[in-house]
Amino acid sequence: MKTKIVIYDPPMCCSTGVCGPNPDQALISLQDILAEVKKLGIEVERFLITQSPQKFRENPAIIKLIQEQQLKALPITTCNEKIVKTGAYPTLEEFKKFINEK
Amino acid sequence: MQTKFYFFSGKGGVGKTTMAASSAVYFAGLGKKTLIVTTDPASNLADVFEQKIGHKVTPIEKTKNLFAMELDPDIATAEYKERTLSPLRGLIPEESFKVLEEQLSSPCTAEMAAFDRFTDFLQEPEYEIVIFDTAPTGHTLRLLELPVEWSGVIEKAAKEEGGGQTCIGPAAALAESKAKFDQAIAAMRDTSKTTFIFVLRPEVTPIYEAERSIAELLKLKITSQELIVNGIYPQSACDNPFLLARFAKQQEFLETIKNKFSIPITLMALEPGEIKGNDSLIKVGKKLYEQALRLKDYQPIKIDAGKDKIAINNFPKVDERIKQLLIPLNDKRRTIFFAGKGGVGKTSVAAATSLWITEQGYKTLLLTTDPASHLSQIFEQDIFDKPTVINGEKNLWATRIDTVKATNEYKEKILAEARKKYAEQRVTAIEEELNSPCTEEMATFEKFIDFATRKDFEVIIFDTAPTGHTMRLLELPVEWSKQIEIKTFTSTGETEVDKITKSRFKEVIDMMQDINQTTFSFVMYPESTPIEEAARAIDELLTIGVPTSLVVANLVLPKSIITNDYWKQRQAMQEKYLAEMDRRFTAPIIRLLLLVDDLIGKDKLKIAGYMLYGKQ
C-alpha cells in the first residue's frame, strides 16, 4: 500500500506564514523538509483547520486530541491514518522513520 | 445604451451616492426590478432613502421594484467565518473555537469576505438592473482589481512550482472560486453588460482623480465609461463678485474637461437644497436621464470676474487652546490625524495646518496614507515616497505612501532574507504566497507603523484616506497584536521577532490614545452625510481608546455672498447643520470659509491656515 501522510495544521493565514505579521521560520523550514519527502515519492497532504474544517470533523481521533489538549495538540501528523506526531512538525529524520516503519 | 450593471465611482463628496440612488429610482420607475448595493464601508444610502437598510437586501418602501443593500465588511466577515467554521461548532472546546474565530478575523479575511460578497452580486440573475454605489476611488479600484489578482494567484499556484498553496487555501480546492472570479471580470469588461460612471465636480483635484481612475480601469480592460459633472453653479444664481468669480472658474474647468475626455459627459446643476427622499430623487433621476445636458452640446461661458476685488485680510487672533492641540508638549512628538468622508477637504486642511505649524518653528512632516492622494497637485511640486522638502520652507517635509513601491520593497525584503538561508524551491514557495493581495495591505501597514514610530520630526500630520479605509488602518495594530497572541495559544509559540513586533504596535497604540501626543481631528462640511459619517467614526475610535479632540467645519458660506434666494436656501441648510455639529461634537469646532479659488499653492494654503488657527 502507498504511504499517505497528512498534516493537520493549526490556525494560520497561509502555509508559510508570510502573510501574517511575521513570517514564521518553523513553517518556512517545513516547506524544505516536505520537498525532500516528496523526492522519496511520498505525498504529504496538508489541511489548515480554518480552511478545511470538514477534514478535521471527519477524523474523530483528531477531534478527541483537540478536546483533550486544545489547539496545542496541533499540528498533528498522521501516517496511513495513524497519529504519529502531535504538537510540532516532524523533522526530516522523523518523516523517514514514519515511512520505513509503516 | 442601457446595461445591467452600473458602477458609480469618483472622489468623495462629488455626489456619487445621490447619482446612484437617483438612477436606481429612475430605473425602478420604468418598471425594472432594480437593486442598489453600496460597497462603501462608510455608506450613507440609508440617509438618502430615509429608511433603515443594512447588510441585507431590503425593499425601498416608497419605490416599487427597488431594493437596496449596504455591504458591511464586518458582517460579511462574520458570515464568512460562520460558513467556514460551522463544521467544528460544538465539536471542539469553546476556548479553541474562539481562537479559530479570532484567527479568521485577521485583516486578510475581512478583505476576502467583502470581496466574495461583491462578486456574488455580479452574477445576480434575479434583478434586471444592479447599481453599485462604490467607496471613494482608491478603495474601489482595489476591489475591482482583486478578482483579476486572485484569479492569477490561483492559476499560478495550481502549477505547483512551490507547494500549490495560496493564502486562501490549496489551489486545487479553489477552482470553483476561480470560475466565479473569472465570471466577475468578464461581466465588468463586457460593454453590453456594464457601464462605469465617474462623478466629478468642476474642480482641480476631482478632474485629476477621474483621469487617473479612467486610466486604471483601462488597464483592467474595462472600457465602457461615462462622466457626470455635478454641482455646476447656475449662472442666474451668481449675482455678486464672489459668486461670479467661482462661476467663471467652474466654466474654465468645464472647458478643460471638454478638451480632456472623449467619453460621454452629462452636466448636472448644483441643487439649492439637499437631495434626500423619494420625491427629490425622482426629480434628479428625470434630470439625469430625460433632460440631460451633454457637455458636447454646451459651450462654456467666458466672463471677466474681476476677482482681485475680493481680498481676505482680517484673520482671527490665535486661540491658545487650539494651538496646544497642534504643537508638541513635554518634548514629545505631536501627531495629528485628519480624517473624514472623502472630498471634505482633508488634504487641503492638513496642508494648511502643516504650513501654520512650521511657521511656529517646529520641524514638521506631512504624510498622506490616501492611495488616491493629490498632495503633489496641492503643493505644485512632486512629492515622493521619501520625505520631500517643500520648496522655500526649511522645516516642512511632505511624503506619501506609494502602495506599489511599498509592496515591492516588502516582498523583496522577505525574499532577500529567504535567499540567504534557503534553497531555491523554498524561496519559490514563499514568493508564491507573497503574490497574494494581502501582501499589499501588510506592506502599507508596515510603512504606516514606520512613520508613526519616527523620532526625527517634532510634528507629524497624517492626511488619511476616506473614513472606511482609514479606520481599518488604525485598527490594524490592535488586530495584528491579537493575531500574534493567537500563536501563544497554539504550539507555534511567540518568537523573539513577534515580541519586537508587538512592542512596536504597542508604541503606536499608546501614542494614538494619549491626547498630549495625538490630536485626532475630523474634517467635514456642514451637511448631513459627512456629519453622520464622522459621528460613527468617532464612536468607533473610542472603542479602541482613541478620543477625538478637534473638528473642522469646511466650506462654510461667507455671509457677504448671500445676495439671492438660491444662496439663502443653501445657507439656511448650512446653519441648521452647523447647529447640529455644535450639539453632537464635544471637541472644539473651528471653521474654514468657502474661498473663491481651490486651495492650490502655498500662498492660498497659508491664508487658509490663518483663517483656521489665526494670525499672531
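Modeller: Residues are numbered from 1 along each chain as its sequence is written, chains are lettered from A and ligands numbered from 1 in the order in which they are written. In this predicted model, local features need pLDDT of at least 70 and side-chain atom pairs count only at pLDDT 80 or more, while totals for chains, interfaces and linings use all residues.

Colleague: Thanks! How many residues of strand β5 of chain B are buried?

Modeller: A strand here is a DSSP run (E, at least two residues; helices are H or I, at least four), numbered from the N terminus. A residue is buried if 20 or more other C-beta atoms lie within 10 Å of its own, exposed if 12 or fewer, and partly exposed in between, with C-beta atoms placed from the backbone. Ile129(B), Ile131(B) and Asp133(B) point one way and Val130(B) and Phe132(B) the other, and all are buried. The strand, residues 129-133, is therefore largely enclosed by the rest of the structure, and its buried count is five of the five.

Colleague: Which residue stands opposite Asp133(B) in β5(B)?

Modeller: Two strands pair if DSSP finds at least two bridges between them. Strand β1 (residues 5-9) of chain B runs parallel to β5(B) with four bridges, and there Tyr6(B) stands opposite Ile131(B). Strand β2 (residues 34-38) of chain B also runs parallel to β5(B), joined by five bridges. Opposite Asp133(B) you will find Thr38(B).

Colleague: Over in chain A, which strands stand at the edges of the open sheet?

Modeller: The sheet has four strands in the order β2-β1-β3-β4, with mixed pairing. Each edge strand has a single partner, so one side of each is left without a neighbour in the sheet; these are β2 (43-48) and β4 (82-86) of chain A.

Colleague: And which residue stands opposite Lys85(A) in β4(A)?

Modeller: Strands of a sheet pair through backbone hydrogen bonds, either parallel or antiparallel. Strand β3 (residues 76-79) of chain A and β4(A) run antiparallel, joined by four bridges. The residue opposite Lys85(A) is Thr77(A).

Colleague: Which residue does a cis peptide bond join to Leu74(A)?

Modeller: Look in the loop between α3 (60-69) and β3 of chain A. Omega of the bond is about -5°, and the partner is Pro75(A).

Colleague: Last one: is Glu380(B) buried or exposed?

Modeller: Glu380(B) is found in the loop between α13 (375-379) and β14 (388-389) of chain B. Its phi is near 55°, a positive value in a residue other than glycine. Because Glu380(B) has 10 C-beta neighbours inside 10 Å, it counts as exposed.
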